[in-house]
Amino acid sequence: MAVERTFVMIKPDGVRRGLIGEVISRFERKGLKIVALKMLQMTREQAEELYSVHRDKPFFNDLVKFVTSGPVVVMIVEGESAISVVRTLIGPTDGRKAPPGTIRGDFALSIQENIVHASDSPESFEREHKIFF
Ligand code: CMP
């Protein structure tokens, strides 16, 4: 067990739907700490770098278009086992399959427009947060 940091992004659908406070408050209520935060409009280059592991997937172009379609909120979240704890709070990628009680389970009905992104490993955190901070 160790204190970790993870990178979290509230995607354009979450911002458009007024869910910034809801998402952040779930992390805070869990006991996690927001140690950096900003709202920005992602460039195409930043989106392609963030999702570079998906470059060859059929949904890549749509995904880049979606995440650059409006402002996002990027943050660094800190706490005990933050990477896995945040992934659990968020739920599985597909909002239709995510269990109630998770952010995606409560607010998403789509696999693409799923409110929030979070790093899946310490290596992803290192790469992802440096794109924005
Ligand atoms: P995220 O956790 O940010 O990681 C990659 C993103 O790609 C994912 O959330 C979704 O927004 C999107 N994604 C993953 N799988 C699919 C898919 N099959 N079709 C469309 N978008 C997808």
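Mentor: The ligand takes up the space of the largest pocket. A pocket is, on a 1 Å grid over the protein atoms alone, an open set of points where a 1.4 Å probe fits, with protein on both sides within 12 Å along at least five of seven lines; a molecule sits in a pocket if more than half of its atoms lie within 2 Å of its grid points. This is a predicted model, in which local features need pLDDT of at least 70 and side-chain atom pairs count only at pLDDT 80 or more, while totals for chains, interfaces and linings use all residues. Residues are numbered from 1 along each chain as its sequence is written, and side-chain values use heavy atoms, with hydrogens and water left out.

Around the ligand are Lys 11, Tyr 51, His 54, Phe 59, Leu 63, Thr 93, Arg 104, Ile 111, Gln 112, Asn 114 and His 117 (a heavy atom within 4 Å). This shell has four nonpolar, five polar and two charged residues, where Ala, Val, Leu, Ile, Met, Phe, Trp, Tyr, Cys and Pro count as nonpolar, Asp, Glu, Lys and Arg as charged, and the others, Gly among them, as polar.

Polar contacts are pairs of N or O atoms within 3.5 Å. A ligand oxygen is 2.9 Å from a polar backbone atom of Gln 112. Through side-chain N or O atoms, Arg 104 is 3.0 Å from an oxygen of the ligand, and Asn 114 is 3.2 Å from a ligand oxygen. The protein covers 81% of the 450 Å² of accessible area that the ligand has on its own (Shrake-Rupley method, 1.4 Å probe).

How values were computed: Polar contact = N/O pair within 3.5 Å; in protein donor to acceptor, adjacent residues only side chain to side chain. 1 Å grid on protein atoms, 1.4 Å probe; cavity = no way out; pocket = protein on both sides within 12 Å on 5 of 7 lines; lining within 4 Å.
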